[in-house]
Amino acid sequence: SSHYNTRITSPTLKTLYNTQISRSNKGTVPLALTIFYYSSAISCFAYQFSDDLILLTSLSKKKETTMKGDAFKSATVIKVFAFALLSIAFFYFGKHWSDGSQQLVFFNSRQDSASLTNPTNPSSQFVSISPNFNKSFNLSSIINDTTVSDKSLEKTLSVGVVLSPPPPPPPPPPEVQKMGVLDENGVMNDNFEVGEFDPEVVDNWGVGNEKDVEEVDGVKRFRVKKFGLCPDSMREYIPCLDNVEAISKLKSTERGEKFERHCPEKGKGLNCLVPPPRGYRPPITWPKSRDEVWFSNVPHARLAEDKGGQNWILIDKDKFKFPGGGTQFIHGADQYLDQIEKMLPEIAFGHHVRVALDIGCGVASFGAYLLSRNVLTLSVAPKDVHENQIQFALERGVPAMVAAIATHRLLFPSQAFELIHCSRCRINWTRDDGILLLEVNRLLRAGGYFVWAAQPVYKHEAVLEEQWEEMVNLTTRLCWNLVKKEGYIAIWQKPLNNSCYLSREEGTQPPLCDPHDDPDDVWYVDLKACITRLPEEGYGANITTWPSRLQYPPDRLQSIQVDSYLSRKELFNAESKFWKEIIGGYVRAWHWKKLKLRNVMDMRAGFGGFAAAMIENQLDCWVLNVVPVSGKNTLPVIFDRGLLGVMHDWCEPFDTYPRTYDLLHANGLFSIEQKRCNMSTIMLEMDRILRPGGRAYIRDSVAVMDELQDIGKAMGWHVTVRDTSEGPHASYKILIGDKLLLRA
């Protein structure tokens, strides 16, 4: 159209042509009518073009012979006649096929300016206006409406072309059987049984939960539409430590049994959402949180009342403040740490000593101030009369966990810590043949240090002096070396190998543990009154210094039982590379550095690659690496890398206070644990642990995503599912759950 518009010289014809093209573009004239206008315009153009051509030819060819000129003129006349005949034919067929409902527009040979400027004036009209003038036609709906009959479609278009019906669609492809199980040969087999619906599950969800049962393909499925809130009395609820019924049935509590795990029986677990305290606020971010937290987030003043004079904790208007003191270091943790390092420079905080354990930690100021020296300290304490001390520590952003050293092994591997600290921790280390100190010996790395700050070290009262003598006697039989005693601090060092143990007199107590005893077996394992042997290969003792040890495959990697054709070092390096790329993508795409993450938990940690990647990407947080009991015990490797970890069974609740973690990360956890426990049990525990405003990143199989989405929505999370970097057809997806601040 643009081509012909530039070639039309007649002003009237050009104006009419442009008017018609404008109407067609606006959808006010049917497509078929526009075609006829194009044809008439072409014919008129051809006629005028022929006249111009004849005139031009006659002027240029004047001097040619008359015979040649006549022949040329004859040919031109024939061409003009042909174009005119073609134009008449188009107009005739258009008028003949019109059914009267839509009239074509015919041009008058007389032209005047009035008719062009005022086409509605009857006296000046030179065209007959179609009844469809000023009507709109939705051509897209006409073309796409395949349900319109041939007759109605013909009427709508007002042309004489009858459209043939569309061909029938091709038959559907044969259905592919996708349901079944793989047999031992890797062949899909549909000979399997589906478990029946257990009606008792419905009865155990408790009051306040909206639930329904839907039937899909003949199989009933239980689904909770909305979980209700727990009573206000459960705001600080730790299921396995607040089980009053189980604790009341204990035969003895002399050794601290009531502070250990006593989880609810099956069917009596958490089935509601633990509410935050009134006036809960988003936590103060690190590093400011080291020194102050909101009172409303941990509204318990007893610790401040009991320990305020020792510089533990103070109340200042709407905040708790932490001056950095402790019972044994009232002048501040920094001065105390300087004193320890001055006493024994070989400790070298942040280089030789990277991972430490603080037993009976108070509000964790010892560990809080070691963070600035590149030392990760796990602070542990029981839920006793100072029941909220671990809650304060986690609110501050300091690594901490509720734990009691009583009758069971702590949930850490052997040779986990380079330094173990006890400052007025109120533990009788020499009772029961020193069984508690033997547990410290198991946890202490070969060549590691035990720092004891207590009254028996420096006071000269008869009872305290007797306690000191018992301590010295026990540590000597453990082959510990008292390397320094100064003021109220005593420091012992553990031997590097078994040579001292083997050279003791026969019958010396405590004995060495059985060679078949696994010192890394810790889940519900009783304490043992024996000395844990050190590996003959020197595993655990010959680690490198920080920070090179983070990415260096440790020797204890060879002791991990892994079913793989690849070497363990290849697996270690591959996992580290994988998570470094993934976390780098999270930082770039999802702006993790802007999230102000502090307390992070990796719920299925592997070799600790996720935590290492967080450090590599310079995220100012700490990660608790959880190794499920259902998998391989990789905790020794995690601690050898300079990271923190713990053993846990996710079919049971975790020993921490509610609202203590900013981010929970679970990679492949649910697709494995669904064989052992209910996924809603794990999700409810995650909701209890997660702070309001916190996030959960679940990277798992597509097969479990729908159920996880339903559970997340029932808990009030904002849930989104995203593709991994492998694309939309990958077998894994990422579920992001945001716990909203709606229940405070």
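The legends below accompany close-up views of a predicted model of one protein chain.

**Figure 1. Overview of the predicted chain.** The chain contains 23 helices and 21 strands. It has 744 residues, of which 47% count as buried. Among contacts with a separation of 6 or more, 66% are between residues 24 or more positions apart.

Figure 2. The average pLDDT of the chain is 81, and 71% of the residues score at least 70. Residues 52–69 have a pLDDT below 50, and this stretch makes two contacts in the model beyond near neighbours in sequence. Residues 99–128 also stay under 50. For residues 99–128, however, the model has 47 contacts beyond four places in sequence.

**Figure 3. The disulfide between Cys 240 and Cys 263.** Six disulfides are found in the whole structure. In the one shown here, the sulfur atoms of Cys 240 and Cys 263 are 1.9 Å apart. The link is right-handed, with 105 degrees about the S-S bond. Cys 240 sits in the loop between β4 (219–226) and α9 (244–248), while Cys 263 sits in the loop between α9 and β5 (292–294). The two cysteines are 23 residues apart, and the pair links distant parts of the chain. Cys 240 counts as buried because its relative accessibility is 0%, which is under the limit of 20%.

**Figure 4. The disulfide between Cys 479 and Cys 500.** The S to S distance in this disulfide is 2.1 Å. Its torsion about the S-S bond is about -85 degrees, so the link between Cys 479 and Cys 500 is left-handed. Cys 479 belongs to the loop between α16 (462–477) and β13 (481–486), and Cys 500 to helix α17 (residues 499–502); the pair therefore ties together parts that are 21 residues apart in sequence. Cys 479 is buried, at a relative accessible area of 11%, whereas Cys 500 is partly exposed, at 30%.

**Figure 5. The disulfide between Cys 651 and Cys 677, and the pattern of pairing.** The sulfur atoms of Cys 651 and Cys 677 lie 2.4 Å apart. This disulfide is left-handed, because the torsion about its S-S bond is about -80 degrees. Cys 651 is found in the loop between β17 (644–648) and β18 (661–667), and Cys 677 in the loop between α21 (669–673) and α22 (679–689), 26 residues apart. Cys 651 is partly exposed, with 23% relative accessibility, but Cys 677 is buried, with 13%. When bonded cysteines are counted along the chain, the disulfides follow the pattern 1-4, 2-3, 5-6, 7-8, 9-10, 11-12.

Figure 6. The largest nonpolar core has 144 residues, and Trp 429, Phe 450, Trp 592 and Met 614 touch the most other members. Beyond four places in sequence, the contacts of Trp 592 include Ile 583, Tyr 586, Val 587, Leu 597 and Phe 610. Met 614, Leu 619, Leu 663 and Tyr 697 are also in contact with Trp 592. Another core, of ten residues, lies apart from the largest one; among its members are Val 293, Ala 304, Ile 313 and Phe 322.

Figure 7. The structure holds 37 salt bridges. In this one, the closest N and O atoms of Asp 640 and Arg 445 are 2.8 Å apart. Asp 640 is in helix α20 (residues 635–640) and Arg 445 in strand β12 (residues 444–453), so the pair ties together parts that are 195 residues apart in sequence. Asp 640 and Arg 445 are both buried.

**Figure 8. Further salt bridges of the chain.** Lys 580 and Glu 616 meet through their side chains at 3.9 Å, N to O. Lys 580 lies in helix α18 (residues 568–590) and Glu 616 in helix α19 (residues 609–616), so the bridge ties together parts that are 36 residues apart in sequence. Lys 580 is partly exposed, at 46%, and Glu 616 is partly exposed, at 34%. Glu 673 pairs with Arg 676, with the closest N and O atoms 2.5 Å apart. Here Glu 673 is buried, at 1%, while Arg 676 is partly exposed, at 41%. Elsewhere, a network of salt bridges links Lys 288, Glu 292, Asp 316, Lys 319 and Lys 321.

Definitions and conventions. Residues numbered from 1 in each chain as written. Predicted model: local features only at pLDDT ≥ 70, side-chain atom pairs only at ≥ 80, totals over all residues. Heavy atoms only, no water. Helix = DSSP H or I, 4+ residues; strand = E, 2+ residues; numbered from the N terminus. Buried < 20%, exposed > 50% of the residue type's maximum accessible area, 1.4 Å probe, protein only. Contact = heavy atoms within 4.5 Å. pLDDT = per-residue confidence, 0-100. Disulfide = S-S within 2.5 Å. Core = buried A, V, L, I, M, F, W, Y, C linked by side-chain atoms within 4.5 Å. Salt bridge = Lys/Arg side-chain N within 4 Å of Asp/Glu carboxyl O.
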